[in-house]
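Colleague: I'd like to learn how to read a model like this one. Could you walk me through it, a feature at a time?

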Amino acid sequence: MNGEQKRVFSGIQPSGDIHIGNYLGAIKKWVEIATVHDAIYCIVDNHAITVEFDPKSLPIRSFEAARAVMACGINPEACTLFVQSHVPEHTELTWLFNSVTPLGSLFRMIQFKEKTRSALRKALSKKSGGARATILHQIKGVATTVLENAAQIGPDLAALDPTADPNEDLVARLNDGMGNIMQQLQVGLGVSNASAGLFDYPVLQAADILLYKAGLVPVGEDQEQHLELCREIAERFNRRFGNIFPAVARIPGQAPRILGLDGKQKMSKSLGNTIGVLDPPDMIEEKMARAFTDPKRLRKTDPGRPEVCNVFTIHTYFTPKEICAEIETDCRAGKLGCFDCKKIAAKHIDVALKPIRNRAKDLEANPKRVIEALDQGAERCRKIAGQTMTEVREAMGIGPGALKKSSIGG
Ligand code: SF4
């Protein structure tokens with residue numbers, strides 16, 4: 001790394017096929033970043049195991065994600081690409097960071113609430129009849145008990161005067177009441193089947209970045225809360241144990257969040273609203289045919305509103321500017337039907353993805369190139385991670401190095 005370069009860290013989940021949302025929202029930027037910075041890119045399989053997964057297919061998914069990322073233009077000669085679990089220091093640093101992370105900060109994480117909600121939805125969709133009713137009964141029971149507990153602490157809450165001398169009985173009763181509510185909330189989370197790993201996910205994310213003392217991360221605005229927690233963890237650690245970790249900043253100017261073909265939610269494999277970067281032409285056309293458009297446009301002759309149409313947004317990323325301008329005019333004038341418009345979009349997406357598909361085919365025929373790149377990446381990362389962990393362990397007074405340096409060892 002030269003004086004001008006900064007270290008950048010970013011990760012991608014091995015959760016199924018890499019899609020155009022990943023490509024436009026992250027990987028294209030990764031390619032640019034690798035030309036100016038010391039970029040470390042990671043296939044985050046430790047994150048993937050926080051929800052249900054199949055151990056047999058996980059290594060294959062990690063390989064496939066690396067192959068797709070390389071096919072999208074990531075050159076392992078110009079950056080470092082590796083699989084998270086191949087560098088065990090990620091999980092060690094997570095545990096150490098857990099000791100400086102306030103539980104309250106983790107409870108505030110919006111993404112945990114969203115993921116818990118989707119885990120519950122999944123659990124409900126798999127159950128039927130009595131099993132489904134049992135889950136719903138449990139949720140109703142938890143919510144009722146929380147409300148009852150909250151009502152019980154109401155009088156004590158009203159009686160507490162923070163400016164007066166504390167009434168110790170009152171404070172203890174309030175504390176017990178809040179503890180009961182917390183207990184019930186934990187039962188509620190248990191019903192949703194969320195793992196402790198899912199709860200701790202942002203701490204692992206902070207460890208991923210800080211293990212390499214990366215000062216920059218190319219993440220979207222939706223990750224700002226996790227980034228804020230990462231800064232909080234670094235500050236708390238530095239305050240208690242010495243100045244080891246840098247302040248982390250987001251690289252500005254990220255591509256906006258790419259909506260899925262449903263036009264409502266972020267493009268995501270789990271929502272089934274994606275176009276994969278390796279999808280063949282007929283699949284791209286078939287998926288685009290199902291894409292959500294301007295809901296007020298019922299007939300071809302109705303004037304359309306490209307500004308609310310996600311198909312038009314997709315056009316702006318793949319279709320040449322002059323053709324986009326024609327589409328916009330013809331859509332507003334009710335001259336272009338959505339069916340034809342989607343076909344045009346599918347054609348231009350295919351043109352953009354074809355070189356990626358070709359590179360992916362080459363790598364499929366030469367899997368060793370991917371495996372060697374990942375091995376070399378992990379080797380470099382283990383060296384950097386090892387140096388950081390030596391500093392961290394000594395600063396925290398753990399590990400053989402700390403014992404040797406202690407009054408007994410010395
Ligand atoms: S013609 Fe194209 S841009 Fe206009 S509403 Fe239909 S799909 Fe959207």
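Modeller: Let's begin with the ligand. A residue counts as near a molecule if its C-beta atom, placed from the backbone, lies within 6 Å of it. Keep in mind that this is a predicted model.

Colleague: Which residues come nearest to the ligand?

Modeller: There are 14 residues around the ligand, and those that come nearest are Gly304, Cys309, Cys331, Cys338 and Cys341. Helix H12 (310-318), helix H13 (321-332) and helix H14 (338-365) each give two or more residues to this shell.

Colleague: Which element gives the largest share of the shell?

Modeller: That is H14, with three residues. By residue type, the shell around the ligand has nine nonpolar, two polar and three charged members.

Colleague: Now a single residue. Is Thr80 buried or exposed?

Modeller: The idea is to count C-beta neighbours: 20 or more within 10 Å make a residue buried. Thr80 is buried because it has 22 such neighbours inside 10 Å. You'll find Thr80 in strand E3 (residues 80-83).

Colleague: What is Thr80 in contact with, leaving aside its neighbours within four places in sequence?

Modeller: Thr80 then has contacts with Ala39, Ile40 and Tyr41, and also with Gly377, Arg380 and Cys381. For a distance across the model, take Lys296: its C-alpha atom is separated by 47 Å from that of Thr80, and the two residues are 216 apart along the chain.

Colleague: Let's turn to helix pairs. How do H3 and H14 lie relative to each other?

Modeller: Start with the angle between the axes. Helix H3 (residues 58-71) and H14 cross at roughly 130°, with axes that come within 8 Å. The two helices are therefore oblique to each other. The crossing of H3 with H14 is right-handed.

Colleague: Which residues of H3 and H14 meet there?

Modeller: From H3, Arg67, Ala68, Met70 and Ala71 meet Ile356, Arg359, Ala360, Leu363 and Glu364 of H14. Six residues of this contact are nonpolar, none is polar and three are charged.

Colleague: And at what angle do H4 and H9 cross?

Modeller: The axes of helix H4 (residues 89-98) and helix H9 (residues 196-210) cross at roughly 120° and come within 8 Å. Their crossing is right-handed. On the H4 side, His90, Leu93, Thr94, Phe97 and Asn98 take part, meeting Asp200, Val203, Leu204, Ala206, Ala207 and Asp208 in H9. The residues of this contact split into six nonpolar, three polar and two charged.

Conventions
Residues are numbered from 1 along each chain as its sequence is written. This is a predicted model: local features need pLDDT of at least 70, side-chain atom pairs count only at pLDDT 80 or more; totals for chains, interfaces and linings use all residues. Axes are lines fitted to C-alpha atoms, for helices over the stretch in contact, and angles run from 0 to 180 degrees between N-to-C directions. Helices (H or I, at least four residues) and strands (E, at least two) are DSSP runs, numbered from the N terminus. A crossing is left-handed if the near helix is turned anticlockwise from the far one by less than a right angle, and right-handed if clockwise. Two residues are in contact if their C-beta atoms, placed from the backbone, lie within 7 Å. Ala, Val, Leu, Ile, Met, Phe, Trp, Tyr, Cys and Pro count as nonpolar, Asp, Glu, Lys and Arg as charged, and the others, Gly among them, as polar. A residue is buried if 20 or more other C-beta atoms lie within 10 Å of its own, exposed if 12 or fewer, and partly exposed in between; C-beta atoms are placed from the backbone. Angles under 35 degrees count as roughly parallel, over 145 as roughly antiparallel, 65 to 115 as roughly perpendicular and the rest as oblique.
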